Amino acid sequence: MSIVEEAPEFLEVLSDGSVKRFVPGVVSASPESTNGFKSKDVIIDSSKPITGRIFLPGNPTSLSKLPVVVYFHGGGFCIGSTTWPGYHHFLGGFSVASQSIVISVDYRLAPENRLPIAYEDCYCTLDWLGHQVSSEPWLDQADLSRVFLSGDSAGGNISHNVAVKVIRNKISHVKISGLLLIHPYFGSEKRTEKEMAEEGAGDVASIDMFWRLSIPEGSNRDYFGCNVEKTQLSATEWIDEFPAVAVYVAGLDFLKERGVMYAEFLQKKGVKEVKLVEAEKESHVFHVFHPESEATRLLERNMTEFIRSH
């Protein structure tokens with residue numbers, strides 16, 4: 001059996017269509033406070049399946065309601081899990097720093113489950129949240145009038161597309177107060193200047209591979225989930241209904257250019273608040289690879305500030 005697509009150390013797609021994923025370790029949830037936070041695994045939809053992990057501050061500084069951050073992991077829609085060590089430690093620490101309830105979603109992965117399945121799975125989490133808030137003790141302090149969507153790389157892309165789905169479906173059981181996109185993963189058939197440069201060939205090849213594996217068969221990079229300019233919202237919806245957005249980019253990240261373009265696109269559409277923050281000397285998803293670094297602590301502080309102001 002030959003390998004037809006590969007992300008070394010993470011993913012192999014074989015000629016018979018089977019997929020091998022290589023997991024860089026798994027951290028179990030801990031209902032007892034560890035490093036200042038506690039965590040619990042939950043089943044969001046057993047029929048698909050969709051699972052998640054709730055992170056709570058071990059000792060909340062307030063007895064009042066806490067904001068809710070629904071987080072979508074990255075991995076080109078094909079790999080990744082909230083159980084990976086980097087995600088577990090970052091999200092637990094972030095729940096403490098921001099004094100928020102974090103719900104991290106394990107959605108179904110491509111290529112077995114191509115887009116828009118990840119968007120649908122993550123959108124379903126909001127329905128689950130609305131129904132579970134009255135019966136799940138870990139959500140006792142959840143303030144559904146202050147829900148934030150966040151994620152890195154492909155998870156940033158998912159945050160945008162779930163927000164669009166919320167607007168189009170006019171859901172009312174949760175209020176999306178803001179989006180926090182970390183190193184978001186977008187694209188298009190039209191190449192950017194950086195993507196056309198010779199030194200970017202390796203990055204482009206990897207990015208294109210993940211798009212080939214994740215978008216519907218027969219589609220190209222102008223699929224609405226890839227090319228943000230294909231988003232179907234009215235002028236009024238962009239201006240009046242799209243939530244405040246913070247876009248975090250990293251100076252050494254090949255996807256920085258696309259993140260900046262996304263922020264500029266939202267500004268042109270008249271979105272009420274768009275904030276762009278750069279970590280100048282950092283690489284793609286540094287917060288996952290180095291969850292204890294000073295750069296990650298700064299990212300946590302920036303995200304906390306955004307949440308507290310909304």
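Predicted model: local features only at pLDDT ≥ 70, side-chain atom pairs only at ≥ 80, totals over all residues.
**The main sheet**

- As background, strands of a sheet pair through backbone hydrogen bonds, either parallel or antiparallel.

**Around β9**

- Is β9 (residues 176–182) mostly covered or mostly open? It's mostly covered, with seven of its seven residues buried.
- On one side, β9 runs parallel to β8 (residues 142–152), and six bridges join the two.
- Two of the facing pairs here are Gly151 with Leu181 of β9 and Phe148 with Gly178 of β9.
- β9 also runs parallel to β10 (residues 244–250), this time through five bridges, and Leu180 stands opposite Ala246 of β10.
- β8, helix α3 (residues 154–169) and β9 together make up a right-handed β-α-β unit.

- β1 and β2 run antiparallel and are joined by four bridges; Glu5 has Val13 in β2 as its bridge partner.
- Three residues lie between β1 and β2 in their hairpin, and Glu9 in that turn has a positive phi of about 75°.
- β2 also pairs with β3 (residues 19–21), antiparallel and over three bridges. Here Leu11 has Arg21 in β3 as its bridge partner.
- The β2–β3 hairpin has four residues between its strands, with Gly17 in the turn at a positive phi of about 90°.
- In a regular strand, side chains alternate between the two faces of the sheet. In β2, Leu11 and Val13 point one way while Glu12 and Leu14 point the other, and all are buried.

- α2 (residues 117–132) has 16 residues, so at 1.5 Å a residue it should span 22 Å; its end C-alpha atoms are 22 Å apart, which agrees.
- Buried residues of α2 include Tyr119, Cys122, Tyr123, Leu126, Trp128 and Leu129.
- α5 (residues 201–214) has 14 residues and reaches 20 Å from its first C-alpha to its last, close to the 20 Å expected.
- Among the buried residues of α5 are Val204, Ile207, Met209, Phe210 and Trp211. The cover over the buried residues of α5 includes β1 (3–7), β2 (11–14), α3 and α4 (193–196).

**His310**

- His310 is in the segment after α9 (294–308).
- Why does His310 count as partly exposed? Its relative accessible area is 24%, and the partly exposed class lies between buried (under 20%) and exposed (over 50%).
- Beyond its neighbours within four places in sequence, His310 contacts Arg146, Phe148, Ser177, Ala244 and Glu273.
- His310 and Pro67 are 243 residues apart in sequence, but their C-alpha atoms are 9.7 Å apart in space.

Notes: Residues numbered from 1 in each chain as written. Heavy atoms only, no water. Buried < 20%, exposed > 50% of the residue type's maximum accessible area, 1.4 Å probe, protein only. Pairing = 2+ DSSP bridges. Right-handed = clockwise from strand over helix to strand, strands pointing away. Expected span 1.5 Å × (residues − 1). Contact = heavy atoms within 4.5 Å.
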